[in-house]
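Subject: Structure handover

Hi there,

Here is the structure I promised to pass on. Please have a look at it first, and then read my notes below.

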Amino acid sequence: HAQRHRSRYLFFDPLKYETTTRRLKLTALISSAQFLEEFELHYQPIVDAKDKKLVGCEALARWCSDELGQIPPPEFIEVAEEIGLIAGLGELILQKACLQAAHWRTLAPNMIISVNVSPLQIVDAHFQQIVENALALSGLPACALKLEVTEQLMLHDEEPLMEKLRYLQSLGVRLAIDDFGSGYASLNYLCGYPFELLKIDQSFVRHMLSEPGRETLVRTIVQLAHSLGLEVVAEGVESNELSVLLTEMGCDLLQGYCFSRPLPPQTFTDQMLGGDSG
Ligand code: C2E
Ligand code: CA
Ligand code: CA
Ligand code: CA
């Protein structure tokens with residue numbers, strides 16, 4: 001076949017070469033013991049839209065490699081997924097985040113922690129056990145833990161997934177759909193699944209002031225979510241103007257640079273929980 005024959009010729013593509021080389025490097029680095037020393041979590045405050053008081057935070061993975069510098073989380077999370085390390089890394093993230101939150105609750109008793117979980121982590125057979133262990137080890141009550149998952153989760157087989165999510169919900173853990181509106185078949189999953197929160201995708205929020213169509217869309221998403229009994233979180237809130245608008249629209253929780261960037265744990269303690277805020 002002419003086609004098969006042609007495919008034998010390989011052309012050098014510098015961009016692809018660079019990407020592949022970086023991937024291989026990242027793979028080697030993530031698998032090394034050094035990674036565990038370089039890896040950390042930062043925490044971004046989440047505030048109540050009504051009074052702008054701190055209600056919780058989102059744990060965000062950070063990796064500053066000795067060799068390559070700061071690696072964007074979506075990039076190294078994807079590599080960890082590809083090489084089958086996400087279950088282990090995800091477990092570490094959950095444990096760290098739960099321990100931190102349990103500590104912070106001694107200063108701010110109602111503090112809630114949101115942890116991002118990869119769809120592949122949830123699909124893993126031990127996921128429920130991993131969540132239960134992280135709670136038991138840290139002493140964090142289940143109701144203080146929120147798990148954020150993206151719509152990509154919905155590409156997996158529905159039945160076993162539903163059972164897992166319901167089990168987690170029965171423990172008291174709250175489930176949030178992250179990046180709502182950026183992915184697939186969103187509306188369908190608002191009803192059947194045990195989600196209690198919806199995080200509006202940042203791209204909607206960011207362009208709301210310049211594109212009136214987006215504003216209408218966000219308003220409609222908030223109403224829809226509320227009519228289904230879901231709480232609404234807006235993230236990517238960068239300006240006071242956006243904060244005011246989103247509050248007027250009825251968003252329940254706000255998160256963004258306008259309130260604070262993600263902070264290392266000690267800075268979070270000092271800035272957010274210092275003084276008499278406990
Ligand atoms: P995400 O879950 O949607 O997290 C929110 C992202 O928006 C974070 O980026 C945060 O730093 C950024 N952000 C927050 N407020 C603002 C704002 O006002 N303006 C702008 N421009 N950005 C804002 P980050 O930390 O780079 O994380 C990117 C993504 O990586 C996350 O998106 C999440 O999908 C993934 N990720 C991060 N940590 C973890 C983790 O521990 N586990 C998993 N599975 N994924 C993670
Ligand atoms: Ca998130
Ligand atoms: Ca998000
Ligand atoms: Ca995202």
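Let me start with ligand 1: 23 residues surround it, and the closest are Arg62, Asp178, Gln202, Glu238 and Tyr257 (near here is a heavy atom of the residue within 4 Å of the molecule or strand). A polar side-chain atom of Glu58 lies 3.2 Å from an oxygen atom of ligand 1. On the nitrogen side, a backbone N or O atom of Ala61 is 3.0 Å from a nitrogen atom of the ligand, and an N or O atom in the side chain of Arg206 is 3.3 Å from a nitrogen atom of ligand 1.

Before the rest, a word on conventions. This is a predicted model, where local features need pLDDT of at least 70 and side-chain atom pairs count only at pLDDT 80 or more, while totals for chains, interfaces and linings use all residues. Residues are numbered from 1 along each chain as its sequence is written, chains are lettered from A and ligands numbered from 1 in the order in which they are written, and side-chain values use heavy atoms, with hydrogens and water left out.

As for confidence, the mean pLDDT (the predictor's confidence in each residue, from 0 to 100) of the protein is 91, and 94% of its residues reach 70 or more. The model scores ipTM 0.97 and pTM 0.93.

Now the metals. Glu58 (OE), Asn116 (OD1), Glu148 (OE) and Asp178 (OD) coordinate the calcium ion (ligand 2) at 2.2 to 2.3 Å. Donors are N, O and S atoms within 2.8 Å of the metal (3.2 Å for Na, K and Ca), and sites may look incomplete because water is not among the atoms. Along the chain, the donors of this calcium ion (ligand 2) follow the spacing E-x57-N-x31-E-x29-D. Asp178 also coordinates the calcium ion (ligand 3), which is 4.1 Å from the calcium ion (ligand 2). Asp178 is buried, with a relative accessible area of 7%, whereas Asn116 counts as partly exposed at 27% (buried is under 20% relative accessible area, exposed over 50%, partly exposed in between, with a 1.4 Å probe and protein chains only).

What about disulfides? With a disulfide taken as a pair of cysteine sulfur atoms within 2.5 Å, the count comes to zero. The sulfur of Cys143 is 12 Å from the closest cysteine sulfur, in Cys98, too far for a bond.

Happy modelling!

Terms used. A polar contact is a pair of N or O atoms within 3.5 Å; within protein, one must be able to donate a hydrogen and the other to accept it, and residues adjacent in sequence count only if both atoms are side-chain atoms.
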